Amino acid sequence: MSLKLSSFPPPLWRLQPPPPPPVSDTTTTAIHFSTRSFNCLLSSPLITPHSRHRPPKLPPLLSTPVDVPSPEDDEEDDEQYSASSARHAVSRLLHLEFGLSPDDASRVASNAPDYIRSLIDGVRELDELSLWDSSWQSTPLVSASTVAGFQEKVVFLAKQRGDRGKLAFLESIGLPLSSALFVARSLSSDSLPTLLRKVKVLKEIFFSSSDVEGLLSKNARRMMMHLSIPVDEDVQLTLSFFEKIEARRGGLDMLGNKDASFLYLVESFPRLLSLPIESHVKPLVQFFESIGIPRGRVPNIILLFPPIIFYKVDDIRKKVLVFQKILADSHDIGRMLGTYPWILSASIQLNYEEILSFFQMEKVPEPSSHCAIRCLPHIMGCSTSKLKLMVESLGELSVRNKKMGKVIAKSPQLLLRKPEEFFQVVSLLENLGFDRETVGKILLRCPEIFAASIGKTLNRKLEFLKNMGISNHHLPRVIKKYPEVLVSDVDRTLIPRINYLMEIGLTKREIAFMVRRFSPLLGYSIEEVFVPKLEFLVKTMEKPLKEIVEYPRYFSYSLEKRIKPRYWVLKGRKVECSLKDMLSKNDEEFAADFMDVERMIVPPAPSHH
């Protein structure tokens with residue numbers, strides 16, 4: 001009679017049977033079967049945990065506490081010995097019969113405690129029910145004359161499961177044993193060494209970038225936040241994958257962590273480990289690189305949309321053709337995929353067509369709507385009904401048609417705002433003293449303001465301006481002249497410019513005076529604007545710094561096309577005048593005032609020979 005798992009009652013083969021009964025102090029009844037088939041797997045004579053020699057117990061009155069082992073100590077010793085023996089047996093089985101290296105086999109056996117426990121419990125149940133000799137006597141592996149060792153029984157049960165070590169391996173990479181059972185069914189064609197190599201390659205592909213965790217989690221949350229359409233199965237599976245990670249310690253911040261998220265990938269997409277590496281996975285990665293996606297960004301695409309790993313390259317080529325009409329250059333599709341890989345899903349592609357029709361109906365110029373989608377493909381996950389609410393809100397500030405195209409091309413994220421958030425910014429500006437018409441002009445000039453956070457961005461910039469000496473009375477003038485100040489980075493843009501002006505000798509009060517007069521000053525580059533123009537002012541024109549305090553607009557004029565030519569004209573005529581008189585006039589006025597001619601003829605700069 002051949003041995004089959006179905007020969008035994010079902011409860012004997014569950015992975016987590018009830019705890020075994022207390023171990024008897026007497027030697028277990030001998031179980032007869034041949035060990036010939038297992039001698040190649042075992043390096044030393046085998047004994048059962050319960051047949052080990054123990055010193056005889058003395059009567060309580062004749063012994064000391066040190067001499068008498070407690071029943072709890074005996075049971076703990078038995079458990080540790082059983083686990084160690086079972087791990088050793090499984091390790092040798094994985095090495096000698098299933099092909100792993102000794103180190104890999106030992107590592108797998110040591111990291112599969114539930115698998116080892118299920119084998120130990122299975123052996124004990126069969127021992128207690130005496131089913132070894134009564135059920136297996138006629139099998140080729142059973143003999144009535146030989147007592148089976150514990151390790152031999154463990155090996156026998158492991159082989160009888162038929163997974164060829166895959167359950168132990170899958171648990172060792174982090175899968176719960178219940179999930180490992182499900183995944184192992186799709187891996188019957190792969191040997192254990194092949195599976196181990198495949199996992200190593202997949203981890204290298206999925207987690208090759210060392211700086212993706214923060215960006216990944218941020219983008220994953222953003223993708224979910226702005227999704228407002230019915231989704232297809234691939235996107236739904238991705239959302240379930242995100243939910244599994246979010247529910248664990250660290251949440252989505254662990255999405256790019258190799259040890260934390262790989263097991264959830266395998267658990268959520270069990271077919272992942274059955275993919276051929278050379279004929280499918282590597283060509284897919286090469287295709288991504290060919291369309292402009294850097295190798296370090298490929299993991300982002302796969303982790304943000306795991307079903308993409310199952311797509312064939314030819315199918316992806318067909319899917320990206322849908323976006324041909326909005327692409328400006330050949331690398332746009334790569335940038336869009338890197339930012340929003342869901343564009344390849346069926347539901348997003350269907351909604352994309354509806355969004356194009358919506359913009360056309362709203363008379364938004366195609367170049368503007370196409371630019372908005374390219375720059376922020378998350379728009380394609382937004383329903384047209386939600387977009388319409390935001391479009392109507394913009395219309396209340398007289399931003400429609402071509403004006404709307406200009407706004408959304410410059411700040412497409414504004415389309416993803418909630419109307420109430422948009423009007424909170426409008427109210428903030430009105431409270432500063434702007435009327436509704438001026439707010440609309442600010443929207444056209446700098447739409448990013450209306451997509452910014454009031455608490456984290458706008459209020460912080462207002463506080464910065466007040467701290468540097470701009471009063472509430474002057475705030476509207478400063479913002480109207482340079483609304484971009486409200487979305488400038490304080491630490492990387494504003495503070496360095498203030499510090500530079502103080503380093504050249506200006507006081508904080510003088511800088512505040514300059515900003516009140518000409519707030520765009522805060523946006524000029526130190527290296528490209530401040531340094532060369534100040535150097536020409538001080539060294540060549542030999543003017544004091546108070547000149548730029550009185551006329552900070554000096555920095556807005558071109559050094560080569562306006563400042564230098566007019567200076568050389570005045571110097572040649574030995575004319576002294578203020579920066580304002582020199583630069584504020586147009587060419588005709590300058591020529592009439594300083595050259596007595598109708599049009600100005602700009603002489604070449606004097607030779608230094």
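In this predicted model, the structure holds 20 aromatic pairs. A pair of aromatic rings is described by the distance of the centres and the angle of the planes, and two of the pairs are set out below with both values.

| Aromatic pair | Centre to centre | Angle between planes | Arrangement |
|---|---|---|---|
| F206 and F207 | 6.4 Å | 70° | edge-to-face |
| F590 and F594 | 5.0 Å | 45° | tilted |

Why is the pair of F206 and F207 edge-to-face? The ring planes of F206 and F207 stand at 70° to each other, and because planes over 60 degrees apart count as edge-to-face, the pair receives that name.

An α-helix has 3.6 residues a turn, so residues three or four places apart point the same way. F590 is buried with a relative accessible area of 0%, and F594 is buried as well, with a value of 16%. Elsewhere in the chain, ring pairs join F241, F242, F269 and F310 into a cluster.

Turning to the chain as a whole, there are 30 helices and 0 strands. The chain has 609 residues, and buried residues make up 49% of them. If contacts between residues at least 6 apart in sequence are considered, 76% of these contacts join residues at least 24 apart.

How two of these helices pack can be described with some care. Two packed helices are described by the angle between their axes and the distance between the axes. Helix α16 (residues 346-361) packs with helix α18 (residues 384-395) at an angle of about 30°, and their axes are 10 Å apart. Angles under 35 degrees count as roughly parallel, and α16 and α18 are therefore roughly parallel to each other. The crossing of α16 and α18 is right-handed. On the α16 side, the residues E354, I355 and F358 take part in the contact, and on the α18 side they meet T384, L387, K388 and V391. Sorted by class, this contact of α16 with α18 has 4 nonpolar, 1 polar and 2 charged residues.

A second pair is formed by helix α22 (residues 454-467) and helix α24 (residues 490-503), which pack at an angle of about 10° with their axes 12 Å apart. The helices α22 and α24 are therefore roughly parallel to each other. Here R460, K461 and F464 in α22 meet V490, D491, L494, I495 and I498 in α24, and by class the contact of α22 with α24 has 5 nonpolar, no polar and 3 charged residues.

Finally, is helix α5 mostly covered or mostly uncovered? Helix α5, made of residues 150-160, is mostly covered, with 9 of its 11 residues buried. The buried residues of α5 are F150, Q151, E152, K153, V154, V155, F156, L157 and A158. After α5 comes G162, a residue whose phi is positive, near 80°.

Note on methods
Residues numbered from 1 in each chain as written. Predicted model: local features only at pLDDT ≥ 70, side-chain atom pairs only at ≥ 80, totals over all residues. Heavy atoms only, no water. Axes fitted to C-alpha atoms, helices over the stretch in contact; angles between N-to-C directions. Helix = DSSP H or I, 4+ residues; strand = E, 2+ residues; numbered from the N terminus. Parallel < 35°, antiparallel > 145°, perpendicular 65-115°, else oblique. Left-handed = near helix turned anticlockwise from the far one by under 90°. Contact = heavy atoms within 4.5 Å. Nonpolar A, V, L, I, M, F, W, Y, C, P; charged D, E, K, R; others polar. Phe/Tyr/Trp six-rings, centres within 6.5 Å; stacked < 30°, edge-to-face > 60°. Buried < 20%, exposed > 50% of the residue type's maximum accessible area, 1.4 Å probe, protein only.
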